[in-house]
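Please keep the sequence and the model in view.

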Amino acid sequence: MSLSVQTAEGLSEGEGGSPEGAPLLDCMDQLIIEQEKVMLARTQKSQAMRAEARTVLAGGIASSWQDAPPCAVWIERGEGSKLWDVDGTEYSDFHGGYGVGLVGHAHPAIVAAVQDRVTKGTHFAQPTQDSIVVARELAKRFGLPLGRYNNSGTEATMDAFHLMRVATGRSKVIKVEGSYHGHHDAAQVSVMPSLDEAGSIEAPRSVAGQGVPDPMAQLTVIVPFADLAAVERALITHKDDIAGMIVEPVMMNIGLIPPPPGYMSDLKDLLHRHGAWLAFDEVKTGLGLAPGGATELLGVTPDLVCTAKAMGGGLPCGAIGGVPELMNLIADRTYEQVGTFNGNPLTMAAARATLLEVLTPDAYRRLDTLRDAQVKGCEDVLRRYQLPGFVRAFGAKGAVIFTDNLSNYRDFLDYDDQWGNAHWLYQHNKNVFLPPWGKCEQWTMSVQHTMEDVNRFVANLETFARALRDEVPA
Ligand SMILES: Cc1ncc(COP(=O)(O)O)c(C=O)c1O
């Protein structure tokens with residue numbers, strides 16, 4: 001077994017294989033059954049609310065990803081790094097609402113900005129002063145001079161697909177297998193295909209998501225993560241049809257995977273040689289990995305960047321930024337980039353406070369300290385209990401990855417779901433809220449987290465590790 005810690009300071013690789021996984025997995029089912037019982041026993045009010053909600057909300061929830069076995073947890077309120085469910089349980093919030101929560105809950109600067117704005121009107125479908133301030137700050141952080149707003153990560157990546165197509169007159173866009181870019185048609189291709197559907201690694205199929213017509217899916221060309229030769233093959237096979245490529249520069253959705261050194265700049269050069277554009281999906285990575293996202297971390301500026309989630313400080317938000325050649329197509333109305341709520345004043349007020357008052361250089365330094373402690377603590381647990389895997393973290397985001405081998409979607413398919421599921425349950429039952437779907441997701445820390453939250457997380461990992469070791473026959 002070997003461990004590898006990846007922080008914003010270093011991008012070195014270094015995990016190896018482990019013979020430990022199989023006997024541990026045999027015991028995992030039992031732990032999951034026990035922990036699901038614990039969770040069900042302490043979430044009675046959540047379950048009652050779900051039952052009531054089923055009469056008016058399809059499935060009794062507001063979004064399908066607000067549910068994870070054994071039950072959806074209903075939230076009462078949040079403050080600082082903590083949130084409380086309707087049964088009164090307090091959690092350290094490392095879920096961060098799927099990566100939104102860099103500012104934590106009810107941050108005084110966000111509360112003040114929103115309170116001030118709400119008394120002056122919250123929607124005009126006309127621009128307000130804050131939209132300039134926010135755009136200027138995003139341009140500075142991501143190194144792309146012109147921006148536009150929308151209302152979600154999905155809208156941001158949809159605009160990127162459209163803009164690259166309009167700019168080139170070409171219809172196809174390259175996307176990485178296993179990556180998630182939101183729920184519009186072009187992005188819902190090969191997000192979580194089964195091995196049977198996915199085809200060979202040399203020529204991955206474009207697998208249509210639910211409700212996406214197959215001919216539409218064929219316009220999205222699939223490649224493995226960080227495989228330059230595969231991108232080149234795609235550009236040659238679909239000669240003069242590829243408008244561009246969208247990529248999460250540090251891949252989430254299957255854990256947390258950085259590209260090899262130099263990959264992103266080589267990718268940009270390759271795409272440009274073929275007359276195609278490069279879009280970074282920084283919906284999760286933007287602001288979370290560094291003040292200027294993966295763009296800053298990797299030192300490669302794409303042609304387009306999509307941001308959302310954390311920039312709104314808890315309000316619905318989205319934005320694209322880009323090079324003048326692309327963004328001027330919006331300015332001259334070749335591409336009419338629109339949306340009733342684009343640049344909504346309440347969102348803009350929250351985004352201004354988020355960017356200028358909360359996510360300051362000092363805040364990032366504090367996050368670095370907390371992250372380093374959490375990585376070190378988790379790494380220590382893995383080592384002492386001889387569990388497979390490693391810890392990987394950048395900025396406010398990180399993950400404990402219980403396999404030694406994870407560099408693309410095919411590895412992810414081999415990584416047993418039980419690890420992430422059991423770890424999630426142990427954290428949840430001991431007052432740490434992580435995103436569900438353990439092996440896909442990452443933790444998010446906020447600027448309001450403290451060492452107490454970190455210690456709680458690490459202690460829970462140790463409880464899980466000990467339980468697992470206790471179950472395994474000597
Ligand atoms: C990388 C990435 N892109 C796009 C999206 C879509 O964002 P939204 O849910 O705001 O539409 C997500 C959501 O999780 C995401 O993780």
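Two residues are in contact if their C-beta atoms, placed from the backbone, lie within 7 Å. This is a predicted model, in which local features need pLDDT of at least 70, side-chain atom pairs count only at pLDDT 80 or more, and totals for chains, interfaces and linings use all residues. Residues are numbered from 1 along each chain as its sequence is written.

**Helix packing**

Helices (H or I, at least four residues) and strands (E, at least two) are DSSP runs, numbered from the N terminus. Axes are lines fitted to C-alpha atoms, for helices over the stretch in contact; angles run from 0 to 180 degrees between N-to-C directions. Two helix pairs are set out below.

| Pair | Axes come within | Crossing angle |
|---|---|---|
| α4 (residues 108-118) and α13 (residues 345-358) | 9 Å | roughly 150 degrees |
| α5 (residues 129-142) and α13 | 9 Å | roughly 40 degrees |

Angles under 35 degrees count as roughly parallel, over 145 as roughly antiparallel, 65 to 115 as roughly perpendicular and the rest as oblique. Helices α4 and α13 are therefore roughly antiparallel. From α4, A109, I110, A113, V114, D116, R117 and V118 take part. Their partners in α13 include P345, L346, A349 and R352. This contact has 11 nonpolar, one polar and four charged residues. Here Ala, Val, Leu, Ile, Met, Phe, Trp, Tyr, Cys and Pro count as nonpolar, Asp, Glu, Lys and Arg as charged, and the others, Gly among them, as polar.

The roughly 40 degrees between α5 and α13 makes α5 oblique to α13. Helix α5 passes α13 in a left-handed crossing. D130, S131, V133, V134 and E137 in α5 meet residues of α13, among them M348, A351, L355 and L356. The contact of α5 with α13 divides into eight nonpolar, one polar and three charged residues.

**Domains**

The domain assignment (automatic or from a database) gives domain 1 (5-102 + 361-471) and domain 2 (108-358). Their C-alpha centres lie 26 Å apart. The contact takes 28 residues from domain 1 and 26 residues from domain 2. On the domain 1 side, α14 (361-384), β12 (390-394), β13 (397-401) and α15 (409-414) each give two or more residues. That side has 16 nonpolar, eight polar and four charged residues.

Methods: Left-handed = near helix turned anticlockwise from the far one by under 90°.
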